[in-house]
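This report goes through the packing and side-chain pairing of one protein model. The sequence and structure come first.

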Amino acid sequence: DAERILRQLIMRNLKDGFHQFKLAKLLSKQEGKESEVMDLLNKAANNSDNPSLIYTYKTAFLIKKKMFQEALLVAKQVSDLRPNASIGHILKGDIYFANEKNQQAYSSYEIAYKLIPNIKLLDLMVRALRKQNKQAELIVLLEAELENSKNKKLRNLIQFKLALEYQEIKQYKQSIKNYKALLNKGVDSFVILNNLAWIYSEQKNVKALGYAIKAYKKAPQSGVVADTYGYILFKNGDKKEALKLLKKAVRLAPKLQKIQLHLAEVYLANNKKNQALDILKKIALDEKPFSKKQDATELYLKL
């Protein structure tokens with residue numbers, strides 16, 4: 001019905017770019033309509049006073065169809081229309097990234113970021129570097145941006161990302177330093193508290209439990225936070241309270257296999273072998289990638 005009405009509106013006014021764009025978006029969800037979608041997008045762009053949005057959508061459509069050369073031509077049109085804006089460079093970055101040309105993607109995002117620095121563009125740059133396994137370069141980038149950025153909110157977001165990256169590569173001293181700097185600046189985040197709890201737990205530091213409790217008080221309905229708190233309690237010998245919290249964590253975040261594995265371990269510690277076996281079997285048979293799937297499978301077979 002929507003398609004029929006849109007076609008009627010367009011027939012009444014063949015220069016109705018607004019409804020041509022609407023119809024193109026509607027048809028893009030259907031297979032075999034690619035040619036008509038492209039025709040409608042071209043007409044909509046020609047009939048629009050500000051075609052940048054239409055070109056952006058057209059680029060995304062072409063990327064989805066893996067028509068990368070055509071998408072680059074559209075991105076160039078956007079750059080020509082708005083030479084001082086970042087959008088054309090962002091579109092080129094998206095095209096290169098989708099085509100697994102990660103260094104070119106990074107270069108395009110970097111140009112866009114220099115025009116308008118924001119956390120979304122920095123995220124895209126980080127993503128492109130991660131794909132190239134350039135962890136050291138990624139850290140250098142974030143450290144430099146933390147030093148150079150004048151915007152307080154952006155600085156805090158950069159410092160949080162820096163702490164996450166150091167945590168990822170197990171440089172815990174640097175990660176703790178950046179998380180604590182954020183807490184000292186008044187950034188009140190249960191995520192920071194939870195991450196500090198997890199790092200201290202990895203280091204077998206007694207501070208882990210205190211941070212876990214603080215995080216849980218702030219976010220008792222977060223599955224990840226309940227998991228961290230429960231698993232730290234388990235490591236500290238409180239098996240019964242740990243079981244309660246990990247059951248809750250699985251209810252809150254049922255798709256996270258890491259939490260399920262923790263619950264299986266705690267079930268075993270509480271002499272509930274059958275419940276543990278049910279979870280381990282589910283993890284072993286699940287096709288989703290999981291870094292500790294082999295551990296879960298081996299434990300299941302052993303039991």
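The text below covers the nonpolar cores, a surface patch, the aromatic pairs and the salt bridges, in that order. The model is predicted.

**Nonpolar cores**

The largest nonpolar core has 49 residues. Those that touch the most other members are I95, Y109, Y113, L122, M125, L142 and I158. Helix α8, spanning residues 119–131, gives the most to this core, with seven residues.

Y109 can be taken as an example of the packing. Leaving aside residues up to four places away in sequence, Y109 touches I90, G93, D94, F97, L121, L124, M125 and R127. Of these contacts, M125 is also listed among the core residues that touch the most other members.

**A nonpolar surface patch**

I111, L115 and I116 make up a nonpolar patch on the surface. Together the three residues have about 250 Å² of accessible area. I116 sits in the loop between α7 (102–115) and α8. I116 counts as partly exposed because its relative accessibility is 44%, between the limits of 20% and 50%.

**Aromatic pairs**

A pair of aromatic rings is described by the distance of the centres and the angle of the planes. The search of the whole structure finds six aromatic pairs. One of them is formed by Y216 and Y229, a tilted pair with 5.2 Å centre to centre and 45 degrees between the planes. This pair links distant parts of the chain, with Y216 in helix α13 (residues 207–218) and Y229 in helix α14 (residues 223–235), 13 residues apart. Y216 counts as buried at 18% relative accessibility, and Y229 counts as buried at 15%.

Y231 and F234 also form a tilted pair, at 5.7 Å centre to centre and 40 degrees between the planes. Y231 and F234 are three residues apart in helix α14, so about one helical turn separates them. Y231 is buried, with a relative accessible area of 15%.

**Salt bridges**

Side chains of opposite charge can pair when their charged atoms come close. The search of the whole structure finds 10 salt bridges.

| Residues | N to O distance |
|---|---|
| D1 and R4 | 3.6 Å |
| E34 and K65 | 3.1 Å |
| K43 and D39 | 3.2 Å |

E34 counts as partly exposed at 26% relative accessibility, and K65 counts as partly exposed at 24%.

K43 and D39 both lie in helix α3, four residues apart, about one turn of the helix. K43 is partly exposed, with a relative accessible area of 39%. D39 counts as partly exposed at 36% relative accessibility.

Terms used:
Residues numbered from 1 in each chain as written. Predicted model: local features only at pLDDT ≥ 70, side-chain atom pairs only at ≥ 80, totals over all residues. Heavy atoms only, no water. Core = buried A, V, L, I, M, F, W, Y, C linked by side-chain atoms within 4.5 Å. Buried < 20%, exposed > 50% of the residue type's maximum accessible area, 1.4 Å probe, protein only. Helix = DSSP H or I, 4+ residues; strand = E, 2+ residues; numbered from the N terminus. Contact = heavy atoms within 4.5 Å. Patch = residues over 30% accessible without salt bridge, like charges linked within 9 Å, V, L, I, M, F, W, Y side chains within 5 Å. Areas by Shrake-Rupley, 256 points an atom, 1.4 Å probe, with all protein chains shown as cover. Salt bridge = Lys/Arg side-chain N within 4 Å of Asp/Glu carboxyl O. Phe/Tyr/Trp six-rings, centres within 6.5 Å; stacked < 30°, edge-to-face > 60°.
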